[in-house]
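Please open the model in your viewer and keep the selection panel at hand. The tour moves from the whole chain to a sheet, then to the helices beside it, and ends inside the cores.

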Amino acid sequence: MHDYDTSERLASYADVLAGELPDTWTSTHLPPEAKDDLTELADRIWDLDLAAASLAEHPLRQAAVLSRPDGAQLVLLDRHDERDGFLIAAVAPRALPDEAYRAVPEPNGIALADDPFLSAEHVADDLLARYDSALAQVRHNALGGIQPSQPDRVVLTWQLDGSVATAPVDDRAGAILVANGFVQDPQSGTYRLSGGDTRAQARALREIGPQLDALGIGTALQHPAGRTAPTSAPASMPPSPASNRTPTARAR
């Protein structure tokens, strides 16, 4: 039987917690009826400690997912012990390949007291700090030689095969890139613009600059780390021809 009081308590706690965390977070409650979503979520909980132990004995019956605009997610779970409060754990991004997680320690979850205001400080100082660090490492692993972007700046990185690749943080930036010929890799989430037609490539790079700028997002065009010193030329400037670059297999 569905326990409406328990569901309401979890959802209300998550709403308050989301409003107290640094940056902008939204909360979505997944009730017992959302079985497929709960199953998919359980597979992505990034934990080998409290949350994992709880899920091993108590399958996920409901949850609240806290989401940040950059794709970071936390999950709030019921505690199945004598204490009040909840468990909270990190959620692994679904788009990144498994190999990106190798050698990255799990940002294991923590137990929260029944006060969401005090818990927000605990989450921010402990779990969120470790989660952000692990996320940055995993995303770096997935990008290979691609320089990371920031929320207000898309970094376009020349690749040795003449293409240009990037991993924008903002979905609006991603839509502009696709509209100008970039193709998104479904595994890594990166966007790549072919260098097969250098005129078309140069035109696309000129056009995305003003379009991104209209959203308050800057651009930079540079070489992969370890190849040459990074440059900060804006993407609205035409790049040098790619015809003399030596083709090579893309780094993964």
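Begin with the cartoon of the whole chain, a predicted model, in which six helices and 10 strands can be picked out. Among contacts with a separation of 6 or more, 66% are between residues 24 or more positions apart.

Next, select strands E1 to E5, which form an open sheet of five strands in the order E1-E2-E3-E4-E5, with antiparallel pairing. The edge strands are E1, residues 26-30, and E5, each of which pairs on one side only. If you look along the sheet, the twist from one strand to the next averages 30°.

Which residue in E3 is the bridge partner of Leu66? Show the two residues together, and you will find that the partner is Leu74.

Helix H3, residues 50-57, lies across E3, E4 and E5 and runs at about 110° to E4. Helix H4 also packs on the sheet, where H4 touches E3, E4 and E5, and the direction of H4 makes about 165° with that of E5.

With these elements still displayed, turn to the side chains of the largest nonpolar core, which has 32 residues. The residues with the most contacts inside this core are Leu17, Trp46, Leu74, Leu76 and Ile88. At least two core residues are supplied by each of helix H1 (4-20), strands E2 (63-67), E3 (73-78), E4 (86-91) and E5 (110-112), and helix H4 (116-143). Which element gives the largest share of the core? That share, nine residues, comes from H4. As background, nonpolar side chains in soluble globular proteins tend to be buried together.

Center the view on Ile88 and display its surroundings. Leaving aside residues up to four places away in sequence, Ile88 touches Leu17, Leu74, Val75, Leu76, Gly109, Ile110, Leu112, Val123 and Leu127.

For the last stop, select Ala173, Phe182, Ala204 and Ile217, which are included in a second, separate core of 16 residues.

Notes
Residues numbered from 1 in each chain as written. Predicted model: local features only at pLDDT ≥ 70, side-chain atom pairs only at ≥ 80, totals over all residues. Heavy atoms only, no water. Core = buried A, V, L, I, M, F, W, Y, C linked by side-chain atoms within 4.5 Å. Buried < 20%, exposed > 50% of the residue type's maximum accessible area, 1.4 Å probe, protein only. Helix = DSSP H or I, 4+ residues; strand = E, 2+ residues; numbered from the N terminus. Contact = heavy atoms within 4.5 Å. Pairing = 2+ DSSP bridges. Axes fitted to C-alpha atoms, helices over the stretch in contact; angles between N-to-C directions.
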